[in-house]
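Here's a quick briefing to read with the model open beside you. Have a look at the fold, then go through the points below.

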Amino acid sequence: MGKDDVNLRDSVGRTSTIEEVASGERASRLASLLGREADETDPLFPVGHWLHFSEDDVPMSELGTDGHVRLGGFMPPVGLPRRMWAGSELTFHAPILPGQLLSRTTTIESVTEKSGSTGSLCFVVLRHEISADGVLATSDRHTIVYREAASAPVASAAKPPRADSAAPTGWDWAESVRPDEVMLFRYSALTFNSHRIHYDYPYVTEVEGYPGLVTHGPLTATLLLDAFIAKHPGARVTEYSFTAKSPLFANEQIHLVGRQTAGGVHELQAIAPGGTTAIAATVMAEG
């Protein structure tokens with residue numbers, strides 16, 4: 001074990017608490033992005049806490065070259081520059097209402113280094129506990145993966161969006177969405193997310209080596225959960241977990257699908273062009 005390994009693991013158990021007032025205005029804007037109607041007095045969408053507690057709400061001088069906050073403060077000093085939201089495991093204990101005082105306590109649960117087909121990886125698991133007016137509302141176990149820099153490209157890796165594919169069969173329901181640059185911009189603005197892979201085309205194709213603007217993992221997860229709720233009006237979501245399997249890019253068609261597997265358990269997927277699973281998810285709901 002080297003010095004860097006010791007330093008990374010020393011961060012496990014570190015905690016931070018942030019307070020913020022739940023915003024009905026942000027909730028209403030999320031509804032607009034999703035094409036839904038909402039009143040600013042309605043409870044927040046189940047993952048509405050993602051619109052709060054932005055990690056990038058810091059002075060410009062504290063941001064790294066990718067637009068995110070530089071590592072080495074609260075977060076461990078991972079020496080890998082490319083960052084992706086790998087997934088979350090959420091439990092919804094109580095609804096959050098606009099105007100309530102939110103308190104989020106974050107604990108670094110684990111730091112795990114691995115080697116994959118694309119090189120070195122580091123998984124950081126954060127456990128968020130969000131309370132509303134002193135009552136536990138949401139638990140969110142959030143996994144972030146850090147990756148090596150892309151090989152220095154000779155030219156841009158830009159490519160046109162992948163061709164549409166037929167809707168998959170064998171599911172109880174399916175619908176299609178096509179997030180474009182405008183939707184990605186609005187979601188970045190709504191969440192105050194300044195990660196350049198979502199809006200800076202030269203950066204994402206020439207520095208990070210992606211073929212196009214990357215669709216936010218939590219945006220796709222939100223679209224998937226929203227589709228489930230639309231298909232199951234009246235159901236109360238109690239748990240939601242998702243894992244990102246592969247990236248999606250602006251202007252690509254995404255098939256959102258779901259089926260009930262047992263009791264109140266539902267399997268969901270966001271399927272990329274060509275039929276590969278981009279996000280695999282599970283929902284538990286009552287009613």
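Let's start with one arginine: Arg-141 is partly exposed, at 29% relative accessibility (partly exposed sits between buried, under 20% relative accessible area, and exposed, over 50%, with a 1.4 Å probe and protein chains only). Arg-141 makes a salt bridge with Glu-109, and their closest N and O atoms are 2.5 Å apart (a salt bridge needs a side-chain nitrogen of Lys or Arg within 4 Å of a carboxyl oxygen of Asp or Glu). That pair links distant parts of the chain, with Arg-141 in strand β5 (residues 135-147) and Glu-109 in strand β3 (residues 101-116), 32 residues apart.

This is a predicted model, in which local features need pLDDT of at least 70 and side-chain atom pairs count only at pLDDT 80 or more, while totals for chains, interfaces and linings use all residues. Residues are numbered from 1 along each chain as its sequence is written, and side-chain values use heavy atoms, leaving out hydrogens and water.

**Overall build**

- The protein has five helices and ten strands (DSSP runs numbered from the N terminus: helices are H or I with at least four residues, strands are E with at least two).
- Its radius of gyration is 19 Å, close to the 19 Å that the globule rule gives for 287 residues, so the protein is as compact as a globular protein of that length (the radius is taken over C-alpha atoms, and the rule is 2.2 Å times the number of residues to the power 0.38).
- Along the principal axes, the C-alpha trace spans about 50 × 45 × 35 Å.
- Buried residues account for 46% of the 287.
- Of the contacts with a separation of 6 or more, 72% are between residues 24 or more positions apart (contact means heavy atoms within 4.5 Å).

**The sheet**

- Ten strands form an open sheet with antiparallel pairing, in the order β1-β3-β4-β5-β2-β7-β10-β9-β8-β6 (two strands pair if DSSP finds at least two bridges between them).
- At the edges are β1 (15-21) and β6, each pairing on one side only.
- From one strand to the next, the twist averages 20° (axes are lines fitted to C-alpha atoms, for helices over the stretch in contact, and angles run from 0 to 180 degrees between N-to-C directions).
- Strand β2 (residues 82-92) pairs with β7 in the antiparallel sense over five bridges, and Thr-91 has Glu-239 in β7 as its bridge partner.
- Helix α5 lies across β2, β6, β7, β8, β9 (265-271) and β10 (277-286), at about 45° to β10.

**Inside the fold**

- The largest nonpolar core has 45 residues, and Tyr-240 and Leu-256 have the most contacts inside it (such a core is a set of buried Ala, Val, Leu, Ile, Met, Phe, Trp, Tyr and Cys residues joined through side-chain atoms within 4.5 Å).
- Helix α5 (residues 217-231) supplies the largest share of this core, seven residues.
- A second, separate core has eleven residues, including Met-75, Ile-108, Val-111 and Cys-122.
- Beyond its neighbours within four places in sequence, Tyr-240 is in contact with residues including Val-47, Phe-92, Ala-221, Leu-268 and Val-283.
- Thr-238 lies in strand β7 and is buried, at 13% relative accessibility.
- Leaving out neighbours within four places, Thr-238 is in contact with Leu-90, Thr-91, Phe-92, Met-284, Ala-285 and Glu-286.
- Over in strand β5 you'll find Ser-139, which is buried with a relative accessible area of 13%.
- Ser-139 touches Glu-89, Leu-90, Thr-91, His-93, His-128 and Glu-129, not counting residues up to four places away.
- Ser-139 and Glu-129 are ten residues apart in sequence, with their C-alpha atoms 4.8 Å apart.

**Salt bridges**

- The count comes to 13 salt bridges.
- Arg-162 bridges to Glu-252, with the closest N and O atoms 2.7 Å apart.
- Arg-162 sits in the loop between β5 and β6 (173-177) and Glu-252 in the loop between β7 (236-244) and β8 (254-262), so the pair ties together parts 90 residues apart in sequence.
- Arg-162 is partly exposed at 34% relative accessibility, whereas Glu-252 is buried at 2%.
- Salt bridges with shared partners join Glu-89, Glu-109, Arg-127 and Arg-141 into one network.
- Arg-26 pairs with Glu-20, with the closest N and O atoms 2.6 Å apart, and Arg-26 is partly exposed at 27%.
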